[in-house]
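Thanks for making time this morning.

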Amino acid sequence: MLKAHEPNPALAYDRHWNLVSHNALVPRLLAMADPSLLQGTVNVLRLSLHPQGLAPAIANLGEWRTHILVRLRRQAEAAAD
């Protein structure tokens with residue numbers, strides 16, 4: 001499934017937003033982030049919204065941030081996790 005998204009980057013994450021798999025294009029995307037955000041378990045939510053992560057490269061950051069935080073709120077309410 002991830003390979004089918006090429007030539008676009010695609011990644012898979014678990015219910016805690018931790019990166020579990022990705023296709024061959026994701027390392028190029030991750031190269032834009034501060035290396036400290038890539039140590040240990042990579043949290044996709046943090047990576048995408050952090051000022052030293054991918055946030056500066058997201059053209060519609062305000063819309064993306066709203067979308068992702070609404071989704072996170074719904075997830076927390078549904079799972080109480």
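Leu54 sits in the loop between helix 2 (44-49) and helix 3 (61-79), where helices are DSSP runs of H or I with at least four residues, strands are runs of E with at least two, and both are numbered from the N terminus. Please keep in mind that this is a predicted model, in which local features need pLDDT of at least 70 and side-chain atom pairs count only at pLDDT 80 or more, while totals for chains, interfaces and linings use all residues. Residues are numbered from 1 along each chain as its sequence is written, and side-chain values use heavy atoms, with hydrogens and water left out.

Is Leu54 buried or exposed? Leu54 counts as buried because its relative accessibility is 11%, the classes being buried under 20% relative accessible area, exposed over 50% and partly exposed in between, with a 1.4 Å probe and protein chains only. Its contacts, meaning heavy atoms within 4.5 Å, are with Leu29, Met32, Ala33, Leu47 and Ser48 once residues up to four places away in sequence are not counted. The C-alpha atoms of Leu54 and Leu30 are separated by 7.7 Å, although these residues are 24 apart along the chain.

Ser48, one of those contacts of Leu54, belongs to helix 2 and is likewise in the buried class, at 7% relative accessibility. Leaving aside its neighbours within four places in sequence, Ser48 is in contact with Leu54, Ala55, Ile58, Leu61 and Trp64.

That brings me to the largest pocket. A pocket here is found on a 1 Å grid over the protein atoms alone, as an open set of points where a 1.4 Å probe fits, with protein on both sides within 12 Å along at least five of seven lines, and its lining residues have an atom within 4 Å of a point. The largest pocket holds about 420 Å³ of space, a volume being the space filled by probe spheres set on the points, which are joined across faces, edges and corners. Which residues lie nearest its centre? They are Leu11, Leu29, Val44, Ser48 and Trp64, out of 19 residues in the lining. Strand 1 (11-13), helix 1 (26-30), helix 2 and helix 3 are the elements that give two or more residues to that lining. By class, the lining has 15 nonpolar, three polar and one charged residues, where Ala, Val, Leu, Ile, Met, Phe, Trp, Tyr, Cys and Pro count as nonpolar, Asp, Glu, Lys and Arg as charged, and the others, Gly among them, as polar.

Helix 3 has 19 residues and spans 26 Å from its first C-alpha to its last, close to the 27 Å expected, the expectation being 1.5 Å times one less than the number of residues. Ala80, which follows helix 3, has a positive phi near 50 degrees.

Next, the loop between strand 1 and strand 2 (19-22), where Asn18 has its place, and where Trp17 is also found. Trp17 has a positive phi near 70 degrees, in a residue other than glycine, and is buried at a relative accessible area of 5%. The rings of Tyr13 and Trp17 form a stacked aromatic pair, 5.0 Å centre to centre with 10 degrees between the planes; rings of Phe, Tyr and Trp (its six-membered ring) pair if their centres lie within 6.5 Å, and planes under 30 degrees apart count as stacked, over 60 as edge-to-face and the rest as tilted. Tyr13 itself is partly exposed, at 28% relative accessibility. Asn18 is buried at 18%, and its contacts beyond four places in sequence are Ala12, Tyr13, Thr41, Val42 and Asn43.

Finally, the segment before strand 1 holds Pro7 and Ala10. Pro7 is exposed at 68% relative accessibility, whereas Ala10 is buried at 11%. A cis peptide bond joins Glu6 and Pro7, with omega about 25 degrees. From C-alpha to C-alpha, Leu25 is 7.1 Å from Pro7 and 7.4 Å from Ala10.
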